Amino acid sequence: MKDGKEHRICDETRSELLPILQKIQDKKGYISDKDMQQVADKLGIHPVEVYSVITFYSFLNCQKEGQHTIRVSSCISSVMKGSKKIVKEFEKALGIRVGETTGDKKITLKETSCIGMCDMAPAIMVDSKLVGKVTAQKVKEIVKELKI
């Protein structure tokens, strides 16, 4: 209290932002431009602040994804254990590039930062399921299972 006024260290309005975005993400699978504007209006913040939070966190999306999302860890442990090769195997098996969704809208392939599986590298997430020590054979099995 320098000037006799109480100053807030934490902005409670902004602390609500991430839980609101996670709720929308869980419900719809992505956060649309309209959602971003509505959240900004509700919290009294600029829409670019909402957009910057969405684009900072790799598990929040502003575009609709496939029915299933495969995330390949790009942390240093996974890279050293061959995650780039795993990405290529998925691209070949799915016929898409990383960041894209299959034509039937079933599977989206993404790279992500650390998913806490460094001891099991190369690691991936299939939706919310963690898979470690991924091999080219496992890639084929995962893709076959998801396409059924």
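Trainee: Is Glu 91 buried or exposed?
Mentor: This is a predicted model, where local features need pLDDT of at least 70, side-chain atom pairs count only at pLDDT 80 or more, and totals for chains, interfaces and linings use all residues. Residues are numbered from 1 along each chain as its sequence is written, and side-chain values use heavy atoms, with hydrogens and water left out. Buried means under 20% relative accessible area, exposed over 50%, partly exposed in between (1.4 Å probe, protein chains only). Glu 91 has a relative accessible area of 9%, so Glu 91 is buried.

Trainee: Which residue forms a salt bridge with Glu 91?
Mentor: A salt bridge needs a side-chain nitrogen of Lys or Arg within 4 Å of a carboxyl oxygen of Asp or Glu. The two partners sit three residues apart in helix H6, about one helical turn. Helices (H or I, at least four residues) and strands (E, at least two) are DSSP runs, numbered from the N terminus. With the closest N and O atoms 3.7 Å apart, the partner is Lys 88.

Trainee: How far apart in sequence are the parts tied together by Glu 111 and Lys 84?
Mentor: Their closest N and O atoms are 3.2 Å apart, a salt bridge. Glu 111 lies in strand E2 and Lys 84 in helix H6, so the pair ties together parts separated in sequence by 27 residues.

Trainee: Asp 35 and Lys 28 meet in a salt bridge. Why does Asp 35 count as buried?
Mentor: The N to O distance in this pair is 2.7 Å. Lys 28 counts as partly exposed, because its relative accessibility is 36%. Asp 35 counts as buried because its relative accessibility is 10%.

Trainee: How many residues has the largest nonpolar core?
Mentor: A nonpolar core is a set of buried Ala, Val, Leu, Ile, Met, Phe, Trp, Tyr and Cys residues joined through side-chain atoms within 4.5 Å. Those with the most contacts inside the largest one include Ile 70, Phe 90 and Ile 142. Elements giving two or more residues to this core include strand E1 (68-73) and helix H7 (136-147). The count for the largest core is 17 residues.

Trainee: What kind of aromatic pair do Phe 56 and Tyr 57 form?
Mentor: Rings of Phe, Tyr and Trp (its six-membered ring) pair if their centres lie within 6.5 Å; planes under 30 degrees apart count as stacked, over 60 as edge-to-face and the rest as tilted. Here the centres are 5.0 Å apart, with 90° between the planes: edge-to-face.
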